[in-house]
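Subject: Structure handover

Hello,

Here is the structure I promised to pass on. Please open it alongside this note, which goes through what turned up.

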Amino acid sequence: MSIANRRETDALGERVLPADVLWGVHTLRAQENFPLSGRPVAPGLVRAYGLVKQACLQTQRDLGAWDGREAEAEAVLQAAREMAAGALTAHIVVDALQGGAGTSLNMNVNEVLTNRALQILGDAPGPSSRLSPLDDVNRWQSTNDTYPTALRLAAIEGIKRLEDRLVFLQESFQRQEQRLASVVKVGRTQLQDAVLITLGREMGAYAEALARDRWRLYKCVERLRVVPLGGTAIGTGTGAPRAYIFQVVDTLRRLSGVGVARAENLVDATQNADVFVEVSGLVKTGAATLLKIAGDLRLLASGPAAGLGELRLPPRQAGSSMMPGKVNPVIPEAVTQAALRVMAHDQAITTAAGLGSLELNPFLPLIADSLLDSLALLANACDILARHCVEGLEADPARCRQHVESTTASVTALVPVLGYATAQALAERATREGRPVRALVREAGLLDEAQFDALLSPEAVCRLGTPDIRP
């Protein structure tokens, strides 16, 4: 055997590994077995797993399980702290998708923590009488309670990041609501001219929808903070001391700063993944909001000369390799794709959760990969939509005014003064003759310029109801 290699043995036999890697034989077999997605495990899940292991190891130490082995205990705890800080993420090399309900990730973590601890102690990575991935680092634990606990922590971290980006986007629309408050435009229903509105009111409606998404994210965190840690294999706590089961979640709460709580029914929390379906559904709602907003921005900026052209999006890149001067709405297009991927992830999560069998769901890796990717995608989508698009939005007031003057939508604003029959006749004549409503009203002597402008002013358009009409 080359000096650059080492040998390790598991239940299936002996394998040769590079001498200096921190992972071991279990990880090697997982790499061979699951060349599926080609994507690594989400870094947030790795960091959360390090935190979960730190809580488990610290609770063991507090209960005297490491008595007489203080150096080893401190070394493995330091390794867990390093993983929780993201310093060991590169050593988690198993595929994001894997069979075994996440056992490959758990063993990759156990092996890396063990071998990193051996390095801290001054030893080389590999089989050692001082530390064992299974007997020491995985003591009183199972994949089946540590993996879903780590997933919940990682999802909470992802939700908090998403919330920060969502707040930024909401505030960007609120600023535009103020900036564009005086720009009167045509409101449309079923893509047809309807009544007048202001661009500011449209921006304010987007901000309000995003505010509801913020509230939904808060509810997500509440659902995720109940964890199955301590339940070991199927939620009965088999193989773990009773004192450890009652204490380990308290330790995790203290170390993480997250208000986690032990599930009252650990069997339920181990076998059922419905909480992830619920959370994914709420996240999908946010994706639907972004999908709608992105579509509206593309439509309002369409053309610009041959479309609506009422908004000008910040130009981000040349739009065509053959059409000079073309600039595409690339940010809303990218956001649309992110939203659609989140919706697809939600379907995968729903199906995977429903395919759980008896005491365990073996498809948690797919749930984890899909949920954490959804959270990251939406956070990034909110960020680029705010920074690269909404913050730089500009109205085209002349285009908006042209549409207002040339559409029969402005006639609706005249109904309270002229009556429906007169307004309808004006609309029909304007359509038939292709003339502006303003000119027809002035020609007929129905209203003077000041009266017409007052009825189409931002104040009148934004007023709730019509004050001169009695109920």
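In which sense do strand β3 and strand β4 pair, and over how many bridges? They pair in the antiparallel sense, over five bridges. Keep in mind that this is a predicted model. Strand β3 covers residues 184-189, and strand β4 covers residues 192-198. The two form a hairpin with two residues between them. Q190 sits in that turn and has a positive phi of about 55 degrees. T189 stands opposite Q192 in β4.

Now the overall layout. The chain is divided into three parts: domain 1 (5-139), domain 2 (145-241 + 257-397) and domain 3 (407-462). The centres of domain 1 and domain 3, taken over C-alpha atoms, are 75 Å apart.

Next, the cores. The largest nonpolar core has 113 residues. L45, F276 and L385 have the most contacts inside it. Domain 1 and domain 2 each give this core at least three residues. Another core lies apart from it and has 19 residues, among them V186, A409, L418 and L447.

F276 is worth a look. Leaving out residues up to four places away in sequence, F276 touches P148, L151, R152, L224, I349, L364, I367 and L371.

On to the helices. Helix α1 (residues 25-33) and helix α4 (residues 103-120) have axes that come within 8 Å. Those axes cross at roughly 145 degrees. The crossing of α1 past α4 is left-handed. On the α1 side, the residues that meet α4 are V25, H26, T27 and A30. Their partners in α4 are S104, M107, N108 and E111.

T114 belongs to helix α4. Is T114 buried or exposed? T114 counts as buried because its relative accessible area is 2%, and the cut-off for buried is under 20%. Beyond residues up to four places away in sequence, T114 touches L131, S132, P133 and V137.

P365 is in helix α12 (residues 364-388). P365 has 2% relative accessibility, so this residue is buried as well. Which residues does P365 touch, not counting those up to four places away in sequence? They are A96, L97, Q98, A101, G102 and Y147. P365 and P148 are 217 residues apart in sequence, yet 9.5 Å apart in space, C-alpha to C-alpha. P148 is also one of the residues that F276 touches.

Over to you.

Best wishes

Key
Residues numbered from 1 in each chain as written. Predicted model: local features only at pLDDT ≥ 70, side-chain atom pairs only at ≥ 80, totals over all residues. Heavy atoms only, no water. Core = buried A, V, L, I, M, F, W, Y, C linked by side-chain atoms within 4.5 Å. Buried < 20%, exposed > 50% of the residue type's maximum accessible area, 1.4 Å probe, protein only. Domains from an automatic or database assignment. Contact = heavy atoms within 4.5 Å. Pairing = 2+ DSSP bridges. Helix = DSSP H or I, 4+ residues; strand = E, 2+ residues; numbered from the N terminus. Axes fitted to C-alpha atoms, helices over the stretch in contact; angles between N-to-C directions. Left-handed = near helix turned anticlockwise from the far one by under 90°.
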